[in-house]
Amino acid sequence: EISIEADIVCMGYGFLPSNVLLRNLGCEHHYDTFRRQLIVDRSENFETTNSGIYAVGDCAGLGGAYAACDEGTIAGLHAATSLGKTANDKHLTQVSRSRLELNRHRRFQSGLWRLYSAQLPKTVEAKPETHICRCELVTMEQICDVIESGCNSISEIKQQTRAGMGRCQGRYCASLLVEILTSGSSDPIDEENFFAPRVPISPIRIGDITQF
């Protein structure tokens, strides 16, 4: 054991995929009970439930940069062939290699998640003074008070407490609010329990990325 004297301890917690663009486009999502977040539904070629719209990389679940590149290769060829383009042997070989590499990356990520796994705290057991919405400093006590007064959706909680109205726009507190609201229900959590996706969005052109 090592003891270190410190005045303040800071911890980063809670990586989440940014799915606002996909949700605005109407792509269907499901709730991941392990990571407690919405995950976009995709085919084996990473096409979403909306034909012609693909999701690759961390917007579809955290898997790392290398996995994102291989997903992009697979999705890119599928998108091209779906538009009538012909894939040559080089393209097919590259996609086959990407599928093998992607499986390897996923095995590594799976091991990494298991190695550093930790029991996630139960939100409903938070102390009254705990900040559920970090941006607007809304506490567990405030959330419970408005629920007891009749609020039965996170949109109503937002109107009453400003939870979800800060800089992250509910990206981090939405799942916590949903957990609190549904804690006494046996109904499964789905996309309808969350805040509706908001505009504006700030898409980046592929051409701008490839310049770097």
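Me: Which residues have the most contacts inside the largest nonpolar core?

Reply: In soluble globular proteins, nonpolar side chains tend to be buried together. A nonpolar core is a set of buried Ala, Val, Leu, Ile, Met, Phe, Trp, Tyr and Cys residues joined through side-chain atoms within 4.5 Å. Buried means under 20% relative accessible area, exposed over 50%, and partly exposed in between, with a 1.4 Å probe and protein chains only. Here the largest nonpolar core has 20 residues, and those with the most contacts inside it are Ile-132, Ile-143, Ile-157, Ala-163, Leu-177 and Phe-194. This is a predicted model, in which local features need pLDDT of at least 70 and side-chain atom pairs count only at pLDDT 80 or more, while totals for chains, interfaces and linings use all residues. Residues are numbered from 1 along each chain as its sequence is written, and side-chain values use heavy atoms, with hydrogens and water left out.

Me: Which elements give two or more residues to this core?

Reply: Helices (H or I, at least four residues) and strands (E, at least two) are DSSP runs, numbered from the N terminus. The elements in question are β3 (131-133), α4 (140-148), α5 (154-161) and α6 (174-182). Of these, α6 gives the most, with 4 residues. Another core, of 7 residues, lies apart from this one and includes Ile-74, Ala-75, Leu-77 and Leu-102.

Me: With which residues is Phe-194 in contact, leaving aside its neighbours within four places in sequence?

Reply: Contact means heavy atoms within 4.5 Å. With those neighbours set aside, Phe-194 is in contact with Arg-23, Tyr-31, Leu-38, Ile-154, Ala-174, Ser-175, Val-178 and Ile-189. Ser-175 belongs to helix α6 and is buried, with a relative accessible area of 10%. Beyond its own neighbours within four places in sequence, Ser-175 is in contact with Arg-36 and Phe-194.

Me: How many of the residues of α6 are buried?

Reply: The count is 7 of 9, so α6 is largely enclosed by the rest of the structure. The buried residues are Ala-174, Ser-175, Leu-177, Val-178, Glu-179, Ile-180 and Thr-182. They pack against β1 (29-32), β3, α4 and α5.

Me: What span should helix α3 have?

Reply: The expected span of a helix is 1.5 Å times one less than its number of residues. Helix α3 (residues 89-115) has 27 residues and should therefore span 39 Å; its end C-alpha atoms are 39 Å apart, which agrees. The buried residues of α3 are Val-95, Ser-98, Leu-102, His-105 and Gln-109, and what covers them includes α2 (65-82).

Me: How many salt bridges does a search of the whole structure find?

Reply: Side chains of opposite charge can pair when their charged atoms come close. A salt bridge is a side-chain nitrogen of Lys or Arg within 4 Å of a carboxyl oxygen of Asp or Glu. The search finds 7 salt bridges. One of them joins the side chains of Arg-104 and Glu-101 (2.6 Å, N to O). These two residues are 3 apart in helix α3, and so are separated by about one helical turn. Arg-104 is partly exposed, at 43% relative accessibility, and Glu-101 is also partly exposed, at 27%.

Me: Which distant parts of the chain does the pair of Arg-162 and Glu-136 link?

Reply: Arg-162 forms a salt bridge with Glu-136, and their closest N and O atoms are 3.0 Å apart. Arg-162 is in the loop between α5 and α6, whereas Glu-136 is in the loop between β3 and β4 (138-139), 26 residues apart. A network of salt bridges links Arg-42, Glu-71 and Arg-106.

Me: Which residues form a nonpolar patch on the surface?

Reply: Patches are made of residues with over 30% relative accessible area and no salt bridge; like charges are joined within 9 Å, and nonpolar side chains (Val, Leu, Ile, Met, Phe, Trp, Tyr) within 5 Å. Accessible areas come from the Shrake-Rupley method with a 1.4 Å probe, and for residues only the protein chains shown count as cover. In this model Val-20, Leu-21, Leu-25, Val-199 and Ile-201 form such a patch, with about 400 Å² of accessible area together. Leu-21 lies in helix α1 (residues 20-24) and counts as partly exposed, at 39% relative accessibility.
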